[in-house]
Amino acid sequence: MEKATDMEMEREEVEEEETESVSDVLRDRFRLSTISIAEAEAKRNGMEISEPIVACISDLAFKYAAEQLAKDLELFAQHASRKIVKMEDVILSAHRNEHLATSLRSLCDDLKAKEPQSERKRKKTPRKENKATTSVVHILDN
Amino acid sequence: MEDENNTFDPDLIHAIFKLVWTRRALERERNDVADALDCEVGAGTSKKNRQTSANGKAIKLSSELLRIFITEAVQRAATIAEAEGASKIEATHLERILPQLLLDF
């Protein structure tokens with residue numbers, strides 16, 4: 001029994017190391033994207049943004065994505081007895097911020113509209129990017 | 001003059017999620033094995049252990065969500081910086097918007 005545990009521990013350690021280095025690569029790629037998004041947004045607001053601050057925002061967002069978002073999405077899908085995370089899970093994870101939830105809902109409608117095999121009848125939503133088009137909460141049963 | 005839509009690569013976001021979900025599935029597997037040694041049920045027959053995955057549209061939506069996280073952080077900090085007459089967003093500006101940002105996401 002002891003041998004099994006030792007081997008298991010070693011395997012766990014190796015797995016953890018591998019996960020760490022993959023995680024580092026992803027974090028770096030994430031940071032590059034963040035830099036470009038953040039600098040564009042700063043410019044849009046007529047400002048510059050200092051580099052360490054962008055790095056800080058990037059780490060925050062990465063942490064949010066990996067620790068909160070990924071976990072929430074998995075839990076919501078599981079709660080709905082699914083193995084596959086769907087758009088409705090993402091929208092649900094934004095429930096704390098009504099403005100955000102609304103933006104996501106319109107994007108969701110846009111994405112659904114692009115699908116050729118959409119069988120349901122939907123209300124026609126105008127193709128505006130950030131405007132809330134529906135104030136009625138509707139249940140997505142996708 | 002923005003040529004590309006500045007956003008996160010959906011594959012990157014998908015990779016991050018997969019990393020997390022794999023880790024969680026492995027943990028569940030380990031717990032299942034531990035349980036299986038106690039009772040007679042064979043390990044690996046547990047239904048719960050197929051790994052979570054995401055459909056493409058959900059990933060796109062998640063990428064957008066994360067993009068908004070970044071733009072909200074920058075925009076809110078920019079508002080503070082502007083109110084103070086600064087032209088560059090610094091730590092002190094970010095600091096002040098952080099609590100509400102974290103509550104909103």
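Hi everyone, this is a short tour of how chain A and chain B meet in this structure. Please keep in mind that the model is predicted.

Let's start with the overall interface. On one side, 57 residues of chain A are in contact with 58 residues of chain B. As some background, the size of an interface is often given as the accessible area lost when the parts come together. Here the area buried between chain A and chain B is about 5300 Å², and carbon and sulfur atoms give 70% of that.

Now, which helices cross? If you'd like to find the contact on your screen, chain A's helix 2 brings residues including Ile57(A), Leu60(A), Tyr64(A) and Leu73(A). Helix 2 of chain B answers with, among them, Leu65(B), Phe69(B), Ile70(B) and Val74(B). By class, this helix contact has 13 nonpolar residues, one polar residue and no charged ones.

Next, the polar side of things. Between chain A and chain B there are 11 residue pairs in polar contact, both residues being at pLDDT 80 or more. Several elements of chain A give two or more residues to the side that touches chain B, including helix 1, helix 2, helix 3 and helix 4. That side of chain A has 32 nonpolar, 13 polar and 12 charged residues.

And what about salt bridges? Side chains of opposite charge can pair when their charged atoms come close. The count is 12 salt bridges over all chains, and three between chain A and chain B. In one of these, Arg28(B) pairs with Glu74(A), with the closest N and O atoms 3.8 Å apart. Arg29(A) and Asp9(B) also meet in a salt bridge, at 3.6 Å from N to O. Arg29(A) lies in helix 1 of chain A and Asp9(B) in the segment before helix 1 of chain B, so this pair joins two chains.

Conventions:
Residues numbered from 1 in each chain as written. Chains lettered and ligands numbered in written order. Heavy atoms only, no water. Contact = heavy atoms within 4.5 Å. Helix = DSSP H or I, 4+ residues; strand = E, 2+ residues; numbered from the N terminus. Nonpolar A, V, L, I, M, F, W, Y, C, P; charged D, E, K, R; others polar. Buried area = accessible area lost by both parts, 1.4 Å probe. Salt bridge = Lys/Arg side-chain N within 4 Å of Asp/Glu carboxyl O. Polar contact = N/O pair within 3.5 Å; in protein donor to acceptor, adjacent residues only side chain to side chain.
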